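Trainee: I'd like to learn how to read a ligand site and a few loop residues. Can you walk me through it?

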Amino acid sequence: MPLNLLLGSYTRHAGTGIYQTSLDTTNEKLAQPQPYITAGNPTYLTVSKARRLYSVLAEEKAGGLVAYDLTNFQTPRLINKSVQPGSSPAYVTVDEARQLVYSAKYHMGQLLIHRILPNGGLKLLTTVTDHGHGPKPEQDSAHIHFADLTPDRRLVTCDLGTDEVHTYQVNSAGEVKENAIYQTAAGFGPRHIVFHPNGKFAYLVGELGSAVDVLQYHAATGKFTHLQTIKTIPADYTAHNGAAAVRISQDGRFLYVSNRGHDSLAVFVINSDSGLLTLQQLIATEGEFPRDFALDPFEKYLVCANQNSSNLTLFTRNAQTGKLHLKQKDIPCTEPVCVCFLPF
Ligand SMILES: O=C1O[C@H](COP(=O)(O)O)[C@@H](O)[C@H](O)[C@H]1O
């Protein structure tokens with residue numbers, strides 16, 4: 001059965017916007033991506049249960065989100081846009097229970113909360129602006145890179161600029177109340193976080209530290225405590241690297257991180273009792289600057305987006321060992337940034 005995917009991308013050079021492709025699981029082959037929606041720098045995107053696509057959008061001196069109806073998948077229909085002066089977000093996700101959309105404006109250090117209207121369109125409710133900076137050049141100001149839900153439905157943000165992870169209570173009106181701030185080591189550059197299915201452990205990727213912080217998550221308070229820091233690249237690798245995307249397998253046994261620079265995927269085994277990580281595989285992404293990757297819904301495959309070499313790579317995954325195996329490479333796609341498997 002083919003699995004459908006959407007790909008977000010930069011349109012700074014030859015790109016046209018959002019691409020569509022499919023993974024043929026019988027022949028284990030990813031089709032050549034085709035232009036799907038023309039849009040400016042739709043770098044990150046997500047699809048809701050109601051088949052609405054919410055994508056980052058950049059316009060002339062403005063940026064925000066755009067909503068499309070995918071009920072008829074072949075003919076996506078624009079619903080509305082929510083665009084503000086300044087830059088566009090780097091992350092977007094849907095809170096299905098509260099019918100809210102969270103996005104993170106990296107360059108402006110802002111968290112934005114939108115209401116999903118009955119027709120699937122977006123209405124801006126709340127803007128939270130972080131303040132501060134860190135010791136590295138990339139940390140000149142607050143840079144919120146991620147905003148998503150904790151397992152107990154708090155909101156969590158990662159601020160790469162201030163080395164902070166914030167947790168909030170959020171209500172269905174999109175109002176937030178800050179619960180806690182976790183401070184990483186200086187210069188860690190927290191980018192994205194995922195939670196173990198047991199709800200007790202969290203894995204925080206530090207872009208600037210090329211490392212993962214293993215954290216204990218305290219659901220009663222929204223606080224994190226530190227358990228382990230482990231590098232995502234070999235100790236003797238001294239060239240530039242920025243850790244990027246992080247995914248955890250549904251069984252909670254394996255963690256995957258992309259390395260932009262070392263151009264690899266790091267595969268970690270998770271200790272089921274302690275939550276601690278052991279590196280067990282570093283595999284080349286067969287392309288430059290692997291910005292994002294995703295596991296298919298059955299977790300038999302992994303598709304990786306190599307932004308700077310404009311190509312995708314397909315891996316198969318061994319569910320027992322977690323290890324990846326190269327299946328297909330050099331699949332052309334212009335400046336891909338986001339990989340999203342569709343549930344339909
Ligand atoms: O991961 C990264 O994301 C930021 C934000 O993306 P942008 O498209 O909003 O610029 C990017 O600036 C940074 O270079 C990159 O490492």
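This is a predicted model: local features need pLDDT of at least 70, side-chain atom pairs count only at pLDDT 80 or more; totals for chains, interfaces and linings use all residues.

Mentor: Start with what "near" means: a residue is near a molecule if one of its heavy atoms lies within 4 Å of it. Residues are numbered from 1 along each chain as its sequence is written, and side-chain values use heavy atoms, with hydrogens and water left out.

Trainee: Which residues surround the ligand?

Mentor: Y10, A90, Y106, H107, H145, R191, E207, R260 and R291. That shell splits into three nonpolar, two polar and four charged residues. Here Ala, Val, Leu, Ile, Met, Phe, Trp, Tyr, Cys and Pro count as nonpolar, Asp, Glu, Lys and Arg as charged, and the others, Gly among them, as polar.

Trainee: Which side chains have a polar atom by an oxygen atom of the ligand?

Mentor: A polar contact is a pair of N or O atoms within 3.5 Å. The H107 side chain has an N or O atom 2.7 Å from a ligand oxygen, and for R191 the distance is 2.9 Å. R291 also places a polar side-chain atom 3.2 Å from an oxygen of the ligand. The protein covers 78% of the 380 Å² of accessible area that the ligand has on its own (Shrake-Rupley method, 1.4 Å probe).

Trainee: Now the loops. Where is D263 found, and is it buried or exposed?

Mentor: Strands are DSSP runs of E, at least two residues, numbered from the N terminus. D263 is in the loop between β22 (254-260) and β23 (264-270). Buried means under 20% relative accessible area, exposed over 50%, and partly exposed in between (1.4 Å probe, protein chains only). D263 has 17% relative accessibility, so it counts as buried.

Trainee: What is phi like at D263?

Mentor: Most residues other than glycine have a negative phi. D263 has a positive one, near 50 degrees. E335, not a glycine either, has a positive phi of about 40 degrees. E335 is in the loop between β28 and β29 (336-341), and counts as buried because its relative accessible area is 7%.

Trainee: And where is T321 found?

Mentor: T321 is in the loop between β27 (311-317) and β28 (324-332). Its relative accessibility is 32%, so T321 counts as partly exposed.

Note on methods:
A polar contact is a pair of N or O atoms within 3.5 Å; within protein, one must be able to donate a hydrogen and the other to accept it, and residues adjacent in sequence count only if both atoms are side-chain atoms. Helices (H or I, at least four residues) and strands (E, at least two) are DSSP runs, numbered from the N terminus.
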